[in-house]
Amino acid sequence: MQQKSKLFFQALRYSIPHLGKCMQKQHLNHCNFADHYYNRIKLKKYHLTKCLQNKPRISELARNIPSRSFSYKDFLPVKQENEKSLSENMDAFEKVRAKLETQPQEEYEIINAEIKHGGFVYYQEGCCLVRSKDEEADNDNYEVLFNLEELKLEQPFIDCIRVAPDEKYVAAKVRTEDSEASTCIVVKLSDQPVMEASFPNVSSFEWVKDEEDEDVLFYTFQRNLRCHDVYRATFGDNKRNERFYTEKDPSFFVFLYLTKDSRFLTMNIMNKTTSEVWLIDGLSPWDPPVLIQKRIHGVLYYVEHRDDELYILTNVGEPTEFKLMRTAADTPAIMNWDLFFTMKRNTKVVDLDMFKDHCVLFLKHSNLLYVNVIGLADDSVRSLKLPPWACGFIMDTNSDPKNCPFQLCSPIRPPKYYTYKFAEGKLYEETGHEDPITKASRVLRIEAKSKDGRSVPMTIFHKTDSEDLQKKPLLVHVYGAYGMDLKMNFRPERRVLVDDGWILAYCHVRGGGELGLQWHADGRLTKKLNGLADLEACIKTLHGQGFSQPSLTTLTAFSAGGVLVGALCNSNPELLRAVTLEAPFLDVLNTMMDTTLPLTLEELEEWGNPSSDEKHKNYIKSYCPYQNIKPQHYPSIHITAYENDERVPLKGIVNYTEKLREAVAEHAKDTGEGYQAPNIILDIQPGGNHVIEDSHKKITAQIKFLYEELGLDSTSVFENLKKYLKF
């Protein structure tokens, strides 16, 4: 049900494969728990950037999307000519920027895990784990370290790589599209690389070096979508593998993160509202870990390190939003935490990155993006408002203390590079070709008033030259759970819809995280109906302001977003013409009463405990989509489900579909001849993943369904889609 996202504390909280019922494929950087899964994008012939840090960030442990190609040529009417060669003494950033200006833009592709260590870049090429010298990483000159076909998996891909400090070993986590199970392989680097070991069901993992210069791999073991055990292993002549820690509380999970300076390995024990962090000395990993602060219910905190000080992102104190605190590393307890920086009201912390002399906060305030650069020497703060078209960050791993690179993106625009240069105090923008969508489309930010008077933000996209928007088709997006933002990353199929005249609306309802922790708190447990009221208000506001009409309005959601969509179909079906759902959570009551399911205990903080609390039970009954189906007119609904989905069991989706079809048939019978009954389609896909985002079959099926339900000609949209997706 829950989606993954990106940030220093966000990656810790949301990017773990076992946390929540929805696990998105996304590329998280440093500590992102921002939005679902952004992946690095490179040119097929030229890398846009090589800012890859030696010590990867937390968020990179999240799942990455497998490679998908689309042609940037389709965005550009004219190609620029190559210009003269670059000056050799230009710094790295200027070279990248100049390359972008002078080289023709070829095909882009989204790539899997990639990491720089020493003078090499490690990545996946075909079915192999390979490495190449940094300066040759754009060529085909690479060394094969391991052939993934030896694992005998169906279409394996690497979604995480870690290199040992002295480059004697490399570890990689390997997954497949059809399962959430993963295998961690350890390869010994030598003239003839060989697989030293493999471990099943690994979630997070990090290397440290002990006092005797021996590489030690710490990793978490996942069982039934839960991570409770931490192991540490050594290789070579002194081979061993031992369990280091076991979490006894079934509602908590464990996640490992190596601070950016590699000084400490942090063992993060958390659920959705509470966390506890232990420090493992990066210089003496066999010593007992040090507890920073014992878990306190409702207190979240996440830790970075710099110059013998801990920087702690936490919600402790009033208001209960995130703030930045710090303390000496040798006095880590909460009574020693000093307030360092506070966020404005209605602010979401998307990411945090630590540099030698600066701390950079990536923020979302009132539905707009900002970067705050804090000078650690003088506590100065520089706040930069980012372009209004931008809806999401993609963090770039970076070891250069002089620059902070990142990307901005939106659902209809591919990522664009920016770099903040500390010495100049300036933000530089990637120059060169400007995406035509910038001028061909509009992005609007408006608000709806919910029943209780709360303002609910929306983000809207449509073509600039669209006339009579009331007659245009509308696709509404919603999620509203776990404090997670709506996914606002680039999606080619969304770009194609806007090009074809559609309006896209993203409703940032309560239960999500767009306006901070309180925004989430106001839409969970016995306040879940706030999210439904917000969604209803958003759609009515859109119609009231001339954006489409009910007969042309469609709604889409995945995983936990299915709760609000299913509830709206029961309470206000007249607002919609058609709905698409993917792996939707539709039977909240029965799922939360079944404690044998792997995630029920972890989900109690979000949905409540109907087994022991009658108030929770009755409240869930009041909105649960399955419980409230009744004979009435419904919009047409297309559901994509996955056969072996462990997060949202197929049984609940099948039961919902059958009950809905019965209600539709009964209503059609009572209405009589001439009634056009809605189509209720259940498309069950093979495999055991929760959401397969880049499934071309799923994308085309959903678009075909929407066009047919609205009576639109889909010829041009599929022709345009072929420009982006390889069918």
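This report describes some strands, a helix and several salt bridges in a predicted model.

## A four-stranded sheet

Strands S8, S9, S10 and S11 make up an open sheet, in that order, with antiparallel pairing. S8 (156-163) and S11 (194-200) are at the edges and have a single partner strand each, so one side of each lacks a neighbour in the sheet. From one strand to the next, the twist averages 25°.

The pairing of S8 with S9 (residues 169-176) is antiparallel and extends over seven bridges. Within this pairing, Ile161 has Ala172 in S9 as its bridge partner.

Strand S18 covers residues 275-281, and five of its seven residues are buried. S18 is joined to strand S17 (residues 264-270) by seven bridges, and the two run antiparallel. Four residues lie between S17 and S18, which form a hairpin. In this pair, Leu265 is found opposite Ile280 of S18.

S18 is also joined to strand S19 (residues 290-293), here by three bridges and again in the antiparallel sense. The bridge partner of Leu279 in S19 is Val290.

## Helix H12

Helix H12 has 15 residues (696-710), which at 1.5 Å a residue should span 21 Å; the C-alpha atoms at its ends are 21 Å apart, in agreement with this. Buried residues of H12 include Ile699, Ile703, Phe705, Leu706 and Leu710.

A salt bridge joins the side chains of Glu708 and Lys704, with an N to O distance of 2.6 Å. These two residues are four apart in helix H12, so about one helical turn separates them. Glu708 counts as exposed because its relative accessibility, 52%, is over the 50% cut-off. Lys704, at 44% relative accessibility, counts as partly exposed.

## Salt bridges and a network

The whole structure contains 33 salt bridges. Among the residues involved, Asp166, Lys168, Lys209 and Asp215 are linked in a network of salt bridges.

Asp215 forms a salt bridge with Lys209, where the closest N and O atoms are 3.6 Å apart. Asp215 has 4% relative accessibility, which is under the 20% cut-off, so Asp215 counts as buried.

Notes:
Residues are numbered from 1 along each chain as its sequence is written. This is a predicted model: local features need pLDDT of at least 70, side-chain atom pairs count only at pLDDT 80 or more; totals for chains, interfaces and linings use all residues. Side-chain values use heavy atoms; hydrogens and water are left out. Buried means under 20% relative accessible area, exposed over 50%, partly exposed in between (1.4 Å probe, protein chains only). Two strands pair if DSSP finds at least two bridges between them. Axes are lines fitted to C-alpha atoms, for helices over the stretch in contact, and angles run from 0 to 180 degrees between N-to-C directions. The expected span of a helix is 1.5 Å times one less than its number of residues. A salt bridge is a side-chain nitrogen of Lys or Arg within 4 Å of a carboxyl oxygen of Asp or Glu.
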